[in-house]
Each structure stands twice: as structure tokens, then as C-alpha cells.
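Biologist: I've got a model open and I'd like to learn how to read it. Can you walk me through it?

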Amino acid sequence: KPERIVRLATVLDRTGLARTTIYRKIREGTFPRQVKLGVHGTGWHESAIDAWIADPAGWHRIAAASRMEKG
């Protein structure tokens, strides 16, 4: 199954967070970073959002472990 990219409106709806909260959490390293889709577009890997929703407090540990596995 290919990785799905979701846009900001979907992330806002699924997480219940405000836009400013999402961007603050990205700066703090406690929320998944966006991926660039083009010159003016960004989105998020749906799997990263799902992982954050499943464990918001532990998400950064999951993300770090995933980065270590990829080398």
C-alpha cells in the first residue's frame, strides 16, 4: 500500500489541534514535519500522523527509532 500524503485540513480535523499549535509543535520537535510536495505545497505522511495520534507523548521516540533504522 503506497504511503498517503494528507494536507493541513485533514491533519487539523484528525488531530483536533489548531494550526498554530501544529506549527509550534513542529518547531519543538513534538509533531511530524511536513513533506514538500512542490513549490507551494506541503503535506504529511499519513502514517506519521497516525503514529502521533496513537501516542502523542511518545511520538518523538517512535520517530527517532524509525530514523535510526533507516540509517
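This is a predicted model: local features need pLDDT of at least 70, side-chain atom pairs count only at pLDDT 80 or more; totals for chains, interfaces and linings use all residues.

Biologist: Okay, is Phe31 buried or exposed?

Modeller: Phe31 has a relative accessible area of 1%, so it is buried.

Biologist: And what should I look for with buried residues like that?

Modeller: In soluble globular proteins, nonpolar side chains tend to be buried together. Here, the largest nonpolar core has 11 residues, among them Phe31, Trp44, Trp52 and Trp59. Helices α1, α2 and α3 each give two or more residues to this core.

Biologist: How do I describe two aromatic rings that sit side by side?

Modeller: A pair of aromatic rings is described by the distance of the centres and the angle of the planes. In this model the count comes to two aromatic pairs. For Tyr23 and Trp44, the centres are 6.4 Å apart and the planes are at 50°, so this pair is tilted. Tyr23 belongs to helix α2 and Trp44 to strand β3, 21 residues apart, and the pair links these distant parts of the chain.

Biologist: How accessible are Tyr23 and Trp44?

Modeller: Tyr23 is partly exposed at 24%, whereas Trp44 is buried at 1%.

Biologist: Which residues form the edge-to-face pair?

Modeller: That's Phe31 and Trp52, with 5.0 Å from centre to centre and 65° between the planes. Phe31 sits in the loop between α2 and β2, and Trp52 in helix α3, so the pair ties together parts 21 residues apart in sequence. Trp52 is buried too, at 7% relative accessibility.

Biologist: What else does Trp52 touch, leaving out residues up to four places away in sequence?

Modeller: Besides Phe31, Trp52 touches Thr15, Leu17, Lys25, Thr30, Pro32 and Trp59.

Biologist: Now a helix. Which residues of α1 are buried?

Modeller: Leu8, Val11 and Thr15. Look down the axis of α1 and its buried residues fall within an arc of 60°, so they line one face of the helix. Ala9 and Asp13, on the other side of α1, are exposed.

Biologist: What covers the buried residues of α1?

Modeller: The cover includes β1, α2, β3 and α3. Leaving aside neighbours within four places in sequence, Arg19 is in contact with Leu8 and Leu12. Arg19 and Leu8 are 11 residues apart in sequence, with their C-alpha atoms 8.1 Å apart.

Biologist: And where does α1 stop?

Modeller: Check Gly16: it comes just after α1 and takes a positive phi of about 80°.

Note on methods
Residues are numbered from 1 along each chain as its sequence is written. Side-chain values use heavy atoms; hydrogens and water are left out. Rings of Phe, Tyr and Trp (its six-membered ring) pair if their centres lie within 6.5 Å; planes under 30 degrees apart count as stacked, over 60 as edge-to-face and the rest as tilted. Helices (H or I, at least four residues) and strands (E, at least two) are DSSP runs, numbered from the N terminus. Buried means under 20% relative accessible area, exposed over 50%, partly exposed in between (1.4 Å probe, protein chains only). A nonpolar core is a set of buried Ala, Val, Leu, Ile, Met, Phe, Trp, Tyr and Cys residues joined through side-chain atoms within 4.5 Å. Contact means heavy atoms within 4.5 Å. The arc is that of the directions from the helix axis to the C-beta atoms.
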